[in-house]
Amino acid sequence: MKYIKGFLINLQFFTAIPITFELPMEKEYLKKSVQTFPLLGLFQGIIYSFVLYILHEFTPFSHLAVAFMLWLTTIFLTGGLHLDGWIDASDAYFSFRDQEKRLEIMKDPRTGAFGVISIIILLSSRFLFIYEITSNIEFMFYILILLIPFFSKSVMGVLLLSVKSAKKSGLGYLFQNAAALRTLWIYPIYIIGSLFILSLFHQKIILVGILILAAAACLLFCQRKAVKWFGGITGDVLGAAVEGTELILWMTVWLLHYFVIV
């Protein structure tokens with residue numbers, strides 16, 4: 001029951017899905033929330049793949065229209081929460097100021113030029129990757145697309161508990177204060193279990209290993225740069241990390257589409 005409530009907390013905080021009833025916010029439930037970050041990502045990935053499958057197989061829409069609707073789904077399902085973090089972190093980073101000033105910039109509700117430019121680059125790149133991936137779809141792509149948010153949310157959980165907080169307030173600190181690094185013991189089980197189940201359906205499961213390596217590289221990069229650039233993690237930094245990791249994973253699938261999958 002605690003895992004279910006933890007998952008519902010994730011839906012309430014990190015998606016646009018309306019959860020109208022009150023959920024407990026004690027540490028034990030926030031801990032379960034952190035433990036179910038990957039399941040939240042898996043839930044998102046299932047929706048992405050399902051939307052793509054329905055549009056591709058049962059509608060007369062063009063590849064461009066299908067790609068556009070999937071692209072919109074990736075934005076609206078999360079309510080733009082992580083995109084906001086990407087914008088704020090971009091404004092702060094490209095100010096080229098010290099850590100304290102960057103934290104102040106992330107608090108500023110106004111959006112600067114670099115935030116606007118960075119979100120245009122992020123979303124346009126994602127659309128390019130989605131369009132070219134979906135223009136020649138096969139079963140393995142549904143699996144890889146399903147796993148993109150699964151791995152990005154796993155990165156978010158590890159980053160949350162492996163990097164110090166840059167400030168003693170905010171959403172990131174709230175979740176970080178409720179759990180410890182050992183809380184993540186369940187993440188490898190999720191990954192191994194997913195690999196086993198997926199191996200029953202497709203022989204090219206080794207391609208998932210490439211996604212894992214890409215996600216691991218993103219995690220190591222974010223762990224180092226979060227401290228160097230911002231003095232630690234905040235909610236905005238975590239949001240930016242999720243968006244950045246997903247962009248790299250979309251790019252990885254796009255490259256697989258050209259150079260590996262035939």
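Predicted model: local features only at pLDDT ≥ 70, side-chain atom pairs only at ≥ 80, totals over all residues.
## Helix α10

Helix α10 runs over residues 186-199. Its 14 residues should span 20 Å at 1.5 Å a residue. The end C-alpha atoms are 20 Å apart, so span and expectation agree. I186, Y187, Y190, S194 and L198 are the buried residues of α10. They cover an arc of only 105 degrees around the axis, and therefore sit on the same side of the helix. I192 and F196 are exposed on the other side of α10. The cover over the buried residues of α10 includes α1 (2-14), α2 (27-35), α3 (37-58) and α8 (139-162).

## Helix α3

Helix α3 is one of the elements covering α10. Its 22 residues should span 32 Å at 1.5 Å a residue. The end C-alpha atoms of α3 are 31 Å apart, which agrees. The buried residues of α3 are F37, P38, L40, G41, Q44, G45, Y48, S49, V51, L52 and L55. Two of these, Q44 and Y48, are among the residues that L77 touches.

L77 lies in the loop between α4 (63-76) and α5. Is L77 buried or exposed? L77 counts as buried because its relative accessibility is 13%, below the 20% cut-off. Leaving out residues up to four places away in sequence, L77 touches T15, A16, I17, Q44, I47 and Y48. L77 and A179 are 102 residues apart in sequence. Their C-alpha atoms are 26 Å apart in space.

L238 belongs to helix α12. At 7% relative accessibility, L238 also counts as buried. Its contacts are M156, L159, L160, G172 and I233, again not counting residues up to four places away in sequence.

F96 is in the loop between α5 (81-93) and α6 (99-107). The phi angle of F96 is near 55 degrees. That is a positive value in a residue other than glycine. F96 has a relative accessible area of 55%, so it counts as exposed; the cut-off is over 50%. F96 and L238 are 142 residues apart along the chain, with C-alpha atoms separated by 19 Å.

## Cavity and pockets

Rolling a probe the size of a water molecule over the atoms shows where empty space is left. How many cavities of 30 Å³ or more does the count give? The count comes to 1. The table sets out the volumes.

| Space | Volume |
|---|---|
| Largest cavity | about 50 Å³ |
| Largest pocket | about 540 Å³ |
| Second largest pocket | about 310 Å³ |

Which element gives the most to the lining of the largest cavity? Helix α12 does, with 3 residues. By class, the cavity lining has 2 nonpolar, 4 polar and 4 charged residues.

The largest pocket has a volume of about 540 Å³. It is lined by 23 residues, of which W86, F221, W229, A240 and G244 are the closest to its centre. Helices α5, α7 (113-134), α11 (206-230) and α12 each supply at least two residues of the lining. The lining of the largest pocket divides into 18 nonpolar, 4 polar and 1 charged residues.

The second largest pocket holds about 310 Å³ of space. Of the 21 residues in its lining, L171, T234, G235, D236 and G239 are the closest to the centre. The elements giving two or more residues here are α5, α6, α8, α9 (171-176) and α12. Helix α5 provides the largest share, 5 residues. The lining of the second largest pocket has 10 nonpolar, 6 polar and 5 charged residues.

Technical notes: Residues numbered from 1 in each chain as written. Heavy atoms only, no water. Helix = DSSP H or I, 4+ residues; strand = E, 2+ residues; numbered from the N terminus. Expected span 1.5 Å × (residues − 1). Buried < 20%, exposed > 50% of the residue type's maximum accessible area, 1.4 Å probe, protein only. Arc of directions from axis to C-beta. Contact = heavy atoms within 4.5 Å. 1 Å grid on protein atoms, 1.4 Å probe; cavity = no way out; pocket = protein on both sides within 12 Å on 5 of 7 lines; lining within 4 Å. Points joined across faces, edges and corners; volume = space filled by probe spheres on them. Nonpolar A, V, L, I, M, F, W, Y, C, P; charged D, E, K, R; others polar.
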